[in-house]
Every structure is written in C-alpha cells, then in structure tokens.
Amino acid sequence: MILYVHLLPSVLDSRIGDNLKVLVTKMTNSKVGAVAPEFSIVDIKGDKISLSSFKNKKVVLVEFWASWCEPCRASFPQLKEIRNKYTEEELEIIAITRDVDQNAWKDAILKDNIENWIHCSVFDEYQKDESGMLKLNEIENEYYIPFIPLTILIDQQGIVAGFYAGKTSENYENLVNSLSKLMPKL
C-alpha cells in the first residue's frame, strides 16, 4: 500500500489506479497476520457457511481449486492426510471451487473421496448479474487468489496464519509446520 499512495494523482484517479487499489487491498487482506475478511458462502448442500461461525472454535483451511486443475487434485491426498490427523472440532476444510460446471465439480468430489469437507463455489449460487455473467461470491472480492491451487490457513482467532499458492512440497511442509504450531498434535 505504501508504494500505491506514492503514485501520481493521474494514475491514482485512473482505471489502472482503481484496479491497483483493489489488488493491493486483496493482497493486504490475504497476508499472514491480517484479520481474515469475513465471508458467507452457500455450500454444496445449500447451507450458508460464514467464516465467523468458526471463530474461537476451529482452525480453518480454505482450499481454492477446480475439477479441471490437475495440481489442485494432486494436492488432495496431502490434504486428506491433514484432515485425518485432526478432528472436525479442531480443523475445518472449506474447499471452494472455481468450476462453472456443477456436474464436473460434484463428480470430482466423489472420485477424489473428499466428501467430508465443506464444498462451495465462488459463483454465488450460480446467479447471473444484469449482463448475464455469473456473479462471483464476495470471497473472490476480498482475498487475493491469483491462481489455483491456493490454500489459506486461518487460526481460531480469525487471523491469516498461512498463504500457500501452488502445489509444492515446500508449501505442504510449511502448511504442516503452521498447523503444528496452531495445534501441536500434528
């Protein structure tokens, strides 16, 4: 944000300046140590899920993925290992897809045997805006999600404890280490 405020007024007052401000805000919201922005999203069962409902109760792992993303799906065995090490009272996994095709999304959940996670879509209940485009849920507007797979770890107090972009062994090790600090059981 420091660099942003030093841009020329002509840039700040332009469409590019507006886009930069949005990007900087998303990046700031998603950085480790920031208060995780609140979001509400409808899950695959039609139930409304709010991040605040887990505050002071559970650690939350938010996983952004899609059925067509091979690295996303390749990371599921590691996430299942993590899921199996913690009870549902300690850790919640919220898997948020970027799929537009609901059938492909549901088929991938079954095929990859990840039914015990909370599953949601970034598309707000598949509603369309006035131009006919699918509307994105507020989570896409609040968090920095440059690509998938992307994992955001949120501690029990609602603070971003980890941000892991891409499927790498280093990201997995860092995620495991962060979890072990939050919940020494791992």
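Biologist: Over how many bridges do β4 and strand β5 pair, and in which sense?

Modeller: This is a predicted model, and in it β4 pairs with strand β5, which spans residues 118–121. Alanine 95 stands opposite histidine 119 in β5. From β4 the chain passes through helix α6 (residues 102–111) to reach β5, in a β-α-β crossover that is right-handed. The pairing of β4 with β5 is in the parallel sense, over four bridges.

Biologist: Which residue of β4 stands opposite glutamate 63?

Modeller: Strand β3, made up of residues 59–65, is joined to β4 by seven bridges, and the two run parallel. Within this pairing, the residue of β4 that stands opposite glutamate 63 is alanine 95.

Biologist: How many residues of strand β4 are buried?

Modeller: In a regular strand the side chains alternate between the two faces of the sheet. From β4, Leu91, Ile93, Ala95 and Thr97 point one way, while Glu92, Ile94 and Ile96 point the other way, and all are buried. Strand β4, residues 91–97, is thus mostly covered, and the number of its residues that are buried is seven of seven.

Biologist: Where around helix α5 do its buried residues lie, and what covers them?

Modeller: In helix α5, which runs over residues 76–85, Phe76, Leu79, Ile82 and Arg83 are buried. These residues lie on the same side of α5, because they cover an arc of only 115° around the axis. What covers them includes β3, α4 (70–74), β4 and α8 (169–182).

Notes:
Residues numbered from 1 in each chain as written. Predicted model: local features only at pLDDT ≥ 70, side-chain atom pairs only at ≥ 80, totals over all residues. Heavy atoms only, no water. Buried < 20%, exposed > 50% of the residue type's maximum accessible area, 1.4 Å probe, protein only. Pairing = 2+ DSSP bridges. Right-handed = clockwise from strand over helix to strand, strands pointing away. Arc of directions from axis to C-beta. Contact = heavy atoms within 4.5 Å.
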